[in-house]
Amino acid sequence: MRYLPLTPEDRKAMLATIGAKSVDEFYTDVPEAARLDGTIEGLPDHQGELAVERHMAALAGKNRTASEGRFFAGCGAYKHHVPATVDHIIQRSEFLTTYTPYQPEIAQGTLQSLFEFQSQVAALTAMDVANASMYDGSTACAEAAIMACRVTKRRRVVLSGGLHPHYAAATRTVCEAQGIEVVQLKPGIDDELALKDAVDDKTSCVIGQSPNVFGTVTDLSPVSEAAHEQGALMVSVFTETVSLGMVTPPGEMGADIAVGEGQSIGNPLNFGGPYVGLFATTKKNMRQMPGRLCGETEDADGQRGFVLTLSTREQHIRRDKATSNICTNAGLCTLAFTAHMTLLGDKGLTQLAELNHEAACQLADALEGVDGVEILSPRFFNEFAFRVPGNAEAVLAQLDEKDVIGGVRASRLFPGKGMDDVIIACATECTTEDDIAAYAQALKEVL
Amino acid sequence: MTEQFTQQVTFYTEDHEWVTVHGDMATVGITKYAAEQLGDVVFVETPEVGKTVKKGDDLAVVESVKAASDVYAPMSGEVVDTNGELADAPEKVNEHPESEGWFCVIKFSDGAETEGLMDKDAYFEFCKGEA
Amino acid sequence: MTMNSTGRPTTPSGGETMSDIQTVSGSRGLMQHEDLIFETGCTNKTGVDLPAPKGLKNRLGGVARKRSTELPGLSEPETMRHYVRLSQKNYAIDLGLFPLGSCTMKHNPRLNEKVARMPGFADIHPLQPQYTVQGALELIDQLAGWLKKLTGMPAVAMSPKAGAHGEFCGMMAIRRAIIARGEIETRTRVLVPASAHGTNPATAVQCGFKVDEIKADKRGRVDMEDFKAKLETSDDIAGIMLTNPNTCGLFETDIREIAELIHQAGGYFYCDGANFNAIMGRVRPGDLGIDAMHINLHKTFSTPHGGGGPGAGPTVLSDALADYAPVPFVIHDEDGYKLVEEAEGEGEEAFGRLCAFHGQMGMFTRALTYMLSHGADGLKQAAEDAVLNANYIQARMKTVMTPAFDGYCMHEALFSDAFTADNVGTLDISKALIDEGYHPMTMYFPLVVHGAMLIEPTETESRAELDRFCDSLEAIAERAKAGDESLKGAPYLAPMRRLDETQAARKPVLRWYKPEPEKIAAE
């Protein structure tokens, strides 16, 4: 048992120091009927590294990776290149094996990187302040909805039809428990502006997404104006952070709260998690923000340093009056984000965004050239929706036989909503011209 | 009822608040003892002007780095003024808790609600019991 | 006003200052000064080499960024140095004992990291066709199997992303069960002990319940008299949230009776599983009568804490709650593994969805790797060693410090500050431990003990390391007893002295701002 340093002799000597005969004495508070004898049945005993690695490798081997064959799936999780430096940094013992920085004198590494992360997210979204991250984009979205209800003291939330349906579902779940009404607009590939007409003087916030789940980019400024006229907040969602290198950021479209998924920067696909939720808002609403915040201060010798701050909002102080029950941030995923963003800088991010956009434009051009294909997203960044003649699920299965994961079928995200012939495809800097040509060719053969 | 306080009088509550009544207005804050117990005050959430409160309702929140405490309305009425300076200078609550560190003014509806509140001496004795 | 005076000093005061050797660079030998990336980087520098874009006509339809992000970039060597220098200002498990009570800071095996990075786990997309990710779904199913067997529970929801998210999951399942009984209008009261972690009351309120606090008794357990009194009117009882072993490091001796009484009252039993490390393989929560319990994979099952996350909080459920588990969940039939993603059909009873996609896969791979490494025998041994180590510390320290309660503890030892002189306290002892090369224990929690010091060594500490730690703590405790004023200035030897938390909270500076031009000119 390689993780246990105590030897049988140590245990004996320690029991003697304590004055106990055996460890069983420590468990005498356990009701007798609940005490177990021996080990739990049906579970194997300990194994060496080699055996465990073989077991896990066998499971891993049953999955098809995004790097095998041609890969075009997006919709909230994106295949990007992560620089080798990033993975090295997050595996530094001092970052990997430390706790929440509650003792700032010996946690300046984590704290300074969080301060830099908050500054990067605020700059990226063109908002005043950002927190130290949420679990992921979807939970950040749900928290934004309840924060808007706290700020406006209203109990109605309106969700656009282009909001990622998982984000919408997570938000509904959180709101339902608190008796907040959720109005869901019908799915729409290019219909974010419908939020304008859905906002009234009972609405706490409208939640729109750009680029939305169908890849469509929209200037949400008219929605913000309509919301503000009614005293409601505008929550602007994005799932692809790389887009912010090119498209108008939430802060410049009048957003009061910007939330997004940061996975694209520094974090691998990981089958959906762990990811990193971004959350930014205006200075005015700063104290209503959920989650951890890192702030600047000085130490006893007058040196600049950083601490977790405004924690009276949080559960460990406020308990039943806290702004949220959240107690974790995305920690190491946040570090991966900030380290990758530091490598990129404005120059690298802009270039990365352009490469993504051009790959998607080329893909759209190539697919448009296939008979029967219709591109549905009028404006897009690195993914778009298109219509195929026939059933998208069947088409994707046939494409897969030709080694092409052709995207995500809209009917998986919006079952029963009449979108059986719609595919959402994504291209990134990882997509080659060869991949694009292969996709178009395969689609031609399938249709 | 409302015109009984022709002279300014200060009362104290068991929740460590002070309330100075004059005419039909009551100015509310927290006591020196409370400010000392809380430690460095970093934020005060004052009520909105126009809010109507009943005696005992949540009126304000005072925060130190490690604690958030609710301040209750010592009298029923309407909030007619709040101390805007606390937003930028919450330290006034520590420096001058019973003057410049006031929280808000309530236009009270029932002067009889001061019955049962303590005067300075009684509050002093009360604090001795708390310590 | 409410009189919450648990505040500790939050501005530095007392002690001497370090007016020794000053350096030009601000560095102190190996401890190097490091500016913010915003001060050292610039927008036209980058640490990546990307191919030049082709300059194609864009299809953004005018929704284009008009101003620079102003994000600073650094070259690769500068980036590496920045983060390595920062890392050296952090304490970590890999450096020494990390005795944070209720946090279970155990060794993080590197095999876990290696496995999590296998492309078959790290490089798969959550919305790939399910037949291309059968190994991933099988892994989730295997981990679920381990969790069910270890807890003796029939079902587990895998998608919660952290402990508090698991609490939310369990309480939402309870809420849905009460809705199904048609009693949600009346059953709104949740009992929570005063010693509970702050997330418990916060979660109950997030789920639409009201919190009713139960007192602790003199033994640090639930006060049964108070508990029974709270059940006298039971029509409005939704349930209880109880940590076991509790936050005082003690097993709730009356737990089966508590379960029985709460069920009789028509409520459900939520158990906070934060302290499962003490009992895994020795006690199954399913045998105690609980209905829901989250498991912190980042505590009990060794996934790294990573400076505050990411966590994972799978939540086991009893038969009474199993149907209400959120989507998505994995099912298995002759065609293989399948995800139920919508709250309809097989997921009809689900209370909803907690997050996008399927939970913290990157944590699942690590946790299962750890479980397979330890096996059933090793996990039981780990729990016993964790409890043995905590009792060893308690036994060694009880002559100088004041144990909060009599008798043996479970996996963490709790002391009050009763033994200290008036002028020094828990905070000073904690900060002095930093100078000795240790991370402080959990301080001022649980709230039911004055100046609480909660020490959880975990099973991955050797006897020699425990002895070194106890020697240091003993010496500091003696100084605290004698009222040594110099403790108030500690730490003296850390990368930073005590930080001014009051200033940080009064005038929040939460991001870097570009200095104003006139200010630069003045400098």
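Modeller: L310(A) is buried, having 23 other C-beta atoms within 10 Å.

Biologist: Why is L310(A) called buried?

Modeller: A residue is buried if 20 or more other C-beta atoms, placed from the backbone, lie within 10 Å of its own, exposed if 12 or fewer, and partly exposed in between. L310(A) has 23, so it counts as buried.

Biologist: Happy with that! What kind of model is this, and how is the numbering done?

Modeller: The model is predicted: local features need pLDDT of at least 70, side-chain atom pairs count only at pLDDT 80 or more, and totals for chains, interfaces and linings use all residues. Residues are numbered from 1 along each chain as its sequence is written, while chains are lettered from A and ligands numbered from 1 in the order in which they are written.

Biologist: Where is C75(A) found?

Modeller: C75(A) is in the loop between β1 (70-71) and α3 (84-90) of chain A. Helices (H or I, at least four residues) and strands (E, at least two) are DSSP runs, numbered from the N terminus.

Biologist: And what is the phi of L310(A)?

Modeller: L310(A), not a glycine, has a positive phi of about 50 degrees. L310(A) lies in the loop between β10 (304-308) and α10 (315-318) of chain A.
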